[in-house]
Amino acid sequence: MPAPSPYGQAHADNSPEGVNSGAGILLEQLKSPSEHDIAVITTLWIATGLIPAIRDARQDIENCIKADHGSLIVARHPSDNQIIATMMTGHDDIFGWIHYLAVAKLAQNRGIGHELVGLAEDIVRSSGLSQIRVTVETPAAGDFYAKLGYELINHATDQATPDTIRNTIMRKSLDQ
Ligand SMILES: CC(C)(COP(=O)(O)OP(=O)(O)OC[C@H]1O[C@@H](n2cnc3c(N)ncnc32)[C@H](O)[C@@H]1OP(=O)(O)O)[C@@H](O)C(=O)NCCC(=O)NCCS
């Protein structure tokens with residue numbers, strides 16, 4: 001279980017639908033995003049460099065929600081219910097995956113990213129899979145995932161490798 005953020009522990013189990021707000025952030029599985037939610041998520045993904053400024057997040061959001069094994073998890077700020085972080089997680093029957101992990105700049109370095117990744121790991125583990133993977137776009141994100149126990153893998157050989165330039169998929173074993 002990841003450490004709770006200073007906003008409070010945002011999830012108590014792996015059922016993220018409206019979990020455990022209390023004084024803390026609310027993690028929610030977003031199944032029917034409003035137009036406002038889509039606009040806020042688009043702004044967040046552009047601001048954190050996940051998509052170019054010309055792109056709308058709508059299609060990616062809808063694809064994730066419709067996917068058989070996909071979940072779009074969002075964190076909302078307790079005071080105004082505004083979305084401040086996102087993460088998509090799912091699996092392809094072999095590996096679990098994390099996509100679109102983004103924490104609003106003002107909310108970074110408070111444990112929210114760690115919490116979201118921990119939740120993805122719980123969800124993947126509860127699907128009976130023992131490995132989770134993420135495509136890492138930037139060195140900073142690579143450092144973040146490395147702190148959480150992820151290692152780079154070599155595309156061609158699927159072996160662990162220290163090469164941080166050509167290989168951008170990181171993985172973590174969920175076997176405990
Ligand atoms: C990467 C990101 C999700 C981290 O979220 P966050 O909520 O700020 O991270 P946390 O506060 O949970 O940090 C967890 C740990 O990672 C460390 N960490 C966070 N960002 C880091 C970074 N850029 N480089 C190195 N370590 C980092 C924290 O110091 C913390 O370590 P600690 O437990 O030893 O204190 C966030 O910075 C972000 O949204 N970045 C832009 C989008 C992005 O790159 N997403 C990833 C796409 S692959």
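Analyst: Start with pairing: two strands pair if DSSP finds at least two bridges between them. Strands (E, at least two residues) and helices (H or I, at least four) are DSSP runs, numbered from the N terminus. Residues are numbered from 1 along each chain as its sequence is written. This is a predicted model: local features need pLDDT of at least 70, side-chain atom pairs count only at pLDDT 80 or more, and totals for chains, interfaces and linings use all residues.

User: Which residue in E7 is the bridge partner of Glu151?

Analyst: Arg171 is that partner. Three bridges join E6 to strand E7 (residues 169-173), and the two run antiparallel.

User: In what order do the strands form the sheet?

Analyst: The order is E1-E2-E3-E4-E5-E7-E6, in an open sheet of seven strands with mixed pairing. Strand E1 (26-29) and strand E6 (151-153) are the edges; each pairs on one side only.

User: How do I read burial?

Analyst: Count neighbours. A residue is buried if 20 or more other C-beta atoms lie within 10 Å of its own, exposed if 12 or fewer, and partly exposed in between; C-beta atoms are placed from the backbone. Here, buried residues make up 36% of the 176 residues in the chain.

User: Which element gives the most to the shell around the ligand?

Analyst: H4 does, with five residues. Strand E4 (96-103), helix H3 (112-126) and helix H4 (139-147) each supply at least two.
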